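Here is a walk through one protein chain, written for someone meeting it for the first time. Take a look at the sequence and the model, then read on.

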Amino acid sequence: MEKIIIDSEQFQRTISRISHQIIEKHSSLENLVLVGIKRRGAEIAEMLQSRIAELAQTQLPLMALDITFYRDDLNLANQDPIYTGVESQIDITGKNVILIDDVLFTGRTIRAALDALLDFGRAMRIELVILVDRGHRELPIRADYVGKNIPTARTEQVQVQTQSYDGINQVVLIRAKDE
């Protein structure tokens, strides 16, 4: 059973709102770097980069980060992991990094991303953008910018669908059939 919880129009408004919040929070954008966690986090990062460019006439550097080998569940998740590397590698030393992902759940993906970022330098500060926070944290991680908080059951799934991968920008809540 699927339910659309963020439609295409709301999705674009959310990207715009988060972009405005980032611009408002930073007096200068010149030291900012956007880092999207592959796959959908990187696509959301591209959307934010584009919207910020429209609003502030500034093109922020963008890096897509693959955290495959930093995951603590690597041996459980995939017997043959595929590492796709990093696109547009950036030295983040002394930079304000905005880390971007689609869904915040247990916090383990973000922990892995923080470990991966260390390979690219020592950032001055790291902020977190999440499109959907669904709760159920296992680690003490919280987002600085949240598109939408959606309380969920552990058995439910939140699926962010994006244009490149799914042909549409929306967020769907998937409930187990027996609920």
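## The main core

The largest nonpolar core is made of 28 residues, and Val132 and Val171 have the most contacts inside it. A nonpolar core here is a set of buried Ala, Val, Leu, Ile, Met, Phe, Trp, Tyr and Cys residues joined through side-chain atoms within 4.5 Å. Buried means under 20% relative accessible area, exposed means over 50%, and partly exposed is in between (1.4 Å probe, protein chains only). Strand 1, helix 1, strand 2 (32-37), helix 2 (40-56), strand 4 (96-104), strand 5 (125-133), strand 7 and strand 8 each give two or more residues to this core. Helix 2 gives the most, with five residues. Helices (H or I, at least four residues) and strands (E, at least two) are DSSP runs, numbered from the N terminus.

So who does Val132 touch? Leaving out residues up to four places away in sequence, its partners are Ile6, Asp102, Val103, Leu104, Lys148, Ile150, Val158, Val160 and Val171. Contact means heavy atoms within 4.5 Å. There is also a second, separate core of 22 residues, with Ile92, Leu117, Ile141 and Ala143 among them. As background, nonpolar side chains tend to be buried together in soluble globular proteins.

## About the model

This is a predicted model, in which local features need pLDDT of at least 70 and side-chain atom pairs count only at pLDDT 80 or more, while totals for chains, interfaces and linings use all residues. Residues are numbered from 1 along each chain as its sequence is written, and side-chain values use heavy atoms, with hydrogens and water left out.

## The chain as a whole

The chain has five helices and eight strands. Read from the N terminus on, the elements go β-α-β-α-β-α-β-α-β-β-β-α-β. The C-alpha trace spans about 50 × 40 × 30 Å along its principal axes. A compact globule of 179 residues would have a radius of gyration near 16 Å, and the chain agrees with its 16 Å. That radius is taken over C-alpha atoms, and the globule rule is 2.2 Å times the number of residues to the power 0.38.

Of the 179 residues, 45% count as buried. The chain exposes about 9,400 Å², and carbon and sulfur atoms supply 47% of that area; accessible areas come from the Shrake-Rupley method with a 1.4 Å probe, and for residues only the protein chains shown count as cover. Among contacts between residues at least 6 apart in sequence, 70% join residues at least 24 apart.

Five strands make an open sheet in the order 3-2-4-5-6, with parallel pairing. Two strands pair if DSSP finds at least two bridges between them. At the edges are strand 3 and strand 6 (145-149), each of which pairs on one side only. Neighbouring strands are turned by 20 degrees against each other on average, direction ignored. Axes are lines fitted to C-alpha atoms, for helices over the stretch in contact, and angles run from 0 to 180 degrees between N-to-C directions.

Strand 2 and strand 3 run parallel and are joined by four bridges. Gly36 has Ala64 of strand 3 as its bridge partner, and Ile37 has Leu65. Strand 3 (residues 62-65) is covered on both faces: Leu62 and Ala64 on one side, and Met63 and Leu65 on the other, are all buried. Helix 4 (residues 108-117) lies across strand 2, strand 3, strand 4 and strand 5, at about 150 degrees to strand 4.

Five bridges pair strand 7 with strand 8 (residues 170-174) in the antiparallel sense, and Val160 stands opposite Val171 in strand 8.

Most residues other than glycine have a negative phi, and most peptide bonds are trans. Where are the exceptions? A cis peptide bond joins Lys38 and Arg39, with omega about 10 degrees, and Arg39 is in the loop between strand 2 and helix 2.

Gln57 is not a glycine, yet has a positive phi near 50 degrees. Gln57 lies in the loop between helix 2 and strand 3 and is exposed, with a relative accessible area of 65%. His136 also has a positive phi, of about 70 degrees. His136 lies in the loop between strand 5 and strand 6, and counts as partly exposed at 27% relative accessibility.
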